[in-house]
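Thanks for coming. I will take a few places in this model one after another and say what the numbers are for each.

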Amino acid sequence: METLLLGAGLLLGAYVLVYYNLVKAPPCGGIGSLRGRTAVVTGANSGIGKMTALELARRGARVVLACRSRERGEAAAFDLRQESGNNEIIFMALDLASLASVQAFATAFLSSEPRLDILIHNAGISSCGRIREAFNLLLRVNHVGPFLLTHLLLPRLKSCAPSRVVVVSSAAHRRGRLDFTRLDCPVVGWQQELRAYADSKLANVLFARELATQLEGTGVTCYAAHPGPVNSELFLRHLPGWLCPILRPLAWLVLRAPQGGAQTPLYCALQEGIEPLSGRYFANCRVEEVSPAARDDQAAHRLWKATKKLAGLGPGEDDDSPDEEPRPQEDLGAPSSLDAPSSEKTTVSGPSQSSQGSPDLSTLTQRRIQMKAEPTH
């Protein structure tokens, strides 16, 4: 009995050490009041994104939940308004797997929202599930879609500077190895999915690094944030049904709750004085060194140019400046298998707000997005 009790005590002690050193997240501080500021959080209908949106709303921000599912997005907006006491929380449809949906979201946002102070790229997938696309779905959702969205919203971010872009990445980036000759090849099988997920997270870190370089001196800063090991839908979504009941209790013990996972992205969005660290990678609310592949400036620049092509913004060989209004090369409106019914019209759910921003910018952006050049082959 004494041996059993001793063993139980050692196990409990080991768990406490692991929990407080590896699992428990430090609380985010930063700006106390966000009244008068607007934030966009992608994938904010559940998990880390929802907790991030909740904290921003509690601090008084106007929060746009950019989600693929209308039903879940509207339900999340209702929940967050009730819990935060802030009625300035709205849903707008966004499917990052469809570049047409990204463009439609940007058009709707720029025509209705005069401000954008914080853009948090939280949405992501870890597996293709049963979906088969003619492109790398993991890279599209986790990197190319956020890249295009940032590009389209950048004029508004600049006009509201100081402003911030936060890209939620992962420690999985350390396993990433980008192959630029097969960057957009379809992903088949769980082994390729693991590799593609790590590659997309590496792309997140390199994107934040290059974006910081491109935006130096504009007042817009950007950060890659690792939320830590989090017990979220991303972890359990694609597991076999019989395995979920087994892993859920284990996940509850050794993984962070979504609220804990939201702390580092919130730190990057709100913490004062970290502007000189733009482009860096944060974990546990502090700067952390990345893998050699993630601090390769040449690879970051090459990825920037390759992603511009994948996003339909042109080859980008001669001019990499994000100051230009992007011009889609082809009609990228074909819906993906992830599309919600009809992404042609992006609707807004929640309290309305009249646009007081620059009408010239909104008009120009809408005209640009509506342009269709000849398809390339």
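A cavity here is a set of points on a 1 Å grid over the protein atoms alone where a 1.4 Å probe fits but cannot get out. Points are joined across faces, edges and corners, and the volume is the space filled by probe spheres set on them.

Before going on, the ground rules. This is a predicted model, in which local features need pLDDT of at least 70 and side-chain atom pairs count only at pLDDT 80 or more, while totals for chains, interfaces and linings use all residues. Numbering runs from 1 along each chain as its sequence is written, and side-chain values use heavy atoms, with hydrogens and water left out.

By the cavity rule, there are two cavities of 30 Å³ or more. What lines the second largest cavity? Its lining, meaning residues with an atom within 4 Å of a point, consists of C128, I131, R132, E133, F135, L137, P186 and V187. Six of these are nonpolar, none is polar and two are charged. In that sorting, Ala, Val, Leu, Ile, Met, Phe, Trp, Tyr, Cys and Pro are nonpolar, Asp, Glu, Lys and Arg are charged, and the others, Gly among them, are polar.

Now the chain as a whole. Of its 377 residues, 51% are buried. Buried is under 20% relative accessible area, exposed is over 50%, and partly exposed is in between, with a 1.4 Å probe and protein chains only. Take the contacts (heavy atoms within 4.5 Å) between residues at least 6 apart in sequence: 80% of them join residues at least 24 apart.

Helix 2, residues 47–58, should span 16 Å at 1.5 Å a residue, and its end C-alpha atoms are 17 Å apart, which agrees. The expected span is 1.5 Å times one less than the number of residues. Its buried residues are I48, G49, K50, T52, A53, L54, L56 and A57. After helix 2 comes G60, with a positive phi near 100 degrees. Helix 4, residues 99–112, reaches 20 Å from first C-alpha to last, close to the 20 Å expected, and 13 of its 14 residues are buried. Helix 6 reaches 35 Å, close to the 36 Å expected. How many of the residues of helix 6 are buried? The count is 18 of 25, so helix 6 is largely enclosed by the rest of the structure.

The loop between strand 5 and helix 6 holds L183. L183 is buried, at 10% relative accessible area. Beyond four places in sequence, L183 touches N136, L139, L178, L303, A306 and L310. L139 is 44 residues away along the chain, and the two C-alpha atoms are 8.1 Å apart.

Two side-chain pairs next. H121, in strand 4, is buried at 3%. Its side chain makes a polar contact with that of T150 at 2.6 Å. A polar contact is a pair of N or O atoms within 3.5 Å, one able to donate a hydrogen and the other to accept it; residues adjacent in sequence count only if both atoms are side-chain atoms. H121 also has contacts with, among others, T42, P146 and V166. S127, in the loop between strand 4 and helix 5, is buried at 10%, and its side chain makes a polar contact with the side chain of E193 at 2.9 Å.

Last, backbone geometry. Most residues other than glycine have a negative phi, and most peptide bonds are trans. Which residues does a cis peptide bond join? They are A161 and P162, with omega about 5 degrees; P162 is in the loop between helix 5 and strand 5. N284 is not a glycine, yet its phi is positive, about 55 degrees. C285, also not a glycine, has a positive phi of about 60 degrees. N284 lies in the loop between strand 7 and strand 8, and C285 is placed between those strands too. N284 is partly exposed at 22%, whereas C285 is buried at 11%.

Conventions: Helices (H or I, at least four residues) and strands (E, at least two) are DSSP runs, numbered from the N terminus. On a 1 Å grid over the protein atoms alone, a cavity is a set of points where a 1.4 Å probe fits but cannot get out, and a pocket is an open set with protein on both sides within 12 Å along at least five of seven lines; lining residues have an atom within 4 Å of a point.
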